[in-house]
Amino acid sequence: MSRLSTRQEAVKQGDLVMPVEVGIREWLAVLKPPAGAKAPRVATFDTRIARVRRLPGSAARSAAKLLRRLGYRPLSTSDSFFVHETTGPIEAAELERARSWGAELGRLLTGTAKAA
């Protein structure tokens with residue numbers, strides 16, 4: 001959950017399974033630009049509740065955009081995976097899609113596939 005207010009609301013509902021104080025926005029805010037000639041590769045993903053698939057925006061794409069501005073290089077496009085409720089579980093088809101995405105990231109890192 002990228003916003004403090006969202007995490008605080010989740011606590012009220014009993015759905016939060018992570019610290020309230022620190023989310024991706026806070027983590028990225030203190031991340032330093034990469035040092036050296038070759039910037040690290042990054043990949044971002046987020047999860048969404050399946051019953052509200054059509055919500056605009058993506059935490060993964062926003063994080064990727066900020067990471068690019070900081071000087072990190074995207075390894076692949078961002079992706080979203082769907083869960084049943086705020087605390088999961090991930091949908092069965094999405095679990096396979098996530099595994100495939102992870103395998104593709106591995107191929108990209110090892111040079112056995114073309115980078116985005």
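Me: Why does glutamate 104 count as partly exposed?

Reply: This is a predicted model, in which local features need pLDDT of at least 70 and side-chain atom pairs count only at pLDDT 80 or more, while totals for chains, interfaces and linings use all residues. Residues are numbered from 1 along each chain as its sequence is written, and side-chain values use heavy atoms, with hydrogens and water left out. Buried means under 20% relative accessible area, exposed over 50%, and partly exposed in between (1.4 Å probe, protein chains only). Glutamate 104 has 28% relative accessibility, so the residue counts as partly exposed.

Me: What makes the contact of arginine 107 with glutamate 104 a salt bridge?

Reply: The term requires a side-chain nitrogen of Lys or Arg within 4 Å of a carboxyl oxygen of Asp or Glu. For arginine 107 and glutamate 104, the closest N and O atoms are 2.8 Å apart, and the pair forms a salt bridge. Both residues lie in helix H4, three residues apart, about one turn of the helix. Helices (H or I, at least four residues) and strands (E, at least two) are DSSP runs, numbered from the N terminus.

Me: Why is serine 58 called buried?

Reply: Its relative accessibility is 7%, and therefore serine 58 counts as buried. Serine 58 is placed in the loop between strand S2 (45-49) and helix H3 (59-70).

Me: What makes a polar contact between the side chains of serine 58 and aspartate 46?

Reply: A polar contact is a pair of N or O atoms within 3.5 Å; within protein, one must be able to donate a hydrogen and the other to accept it, and residues adjacent in sequence count only if both atoms are side-chain atoms. The side chains of serine 58 and aspartate 46 make such a contact at 2.9 Å. Aspartate 46 also forms a salt bridge with arginine 48, with the closest N and O atoms 4.0 Å apart.

Me: Why is the pair of phenylalanine 81 and tryptophan 101 called edge-to-face?

Reply: Rings of Phe, Tyr and Trp (its six-membered ring) pair if their centres lie within 6.5 Å; planes under 30 degrees apart count as stacked, over 60 as edge-to-face and the rest as tilted. Phenylalanine 81 is buried, with a relative accessible area of 3%. The ring centres of phenylalanine 81 and tryptophan 101 are 5.7 Å apart and their planes stand at 65 degrees, so the pair is edge-to-face. Phe45, Phe81 and Trp101 form one aromatic cluster.
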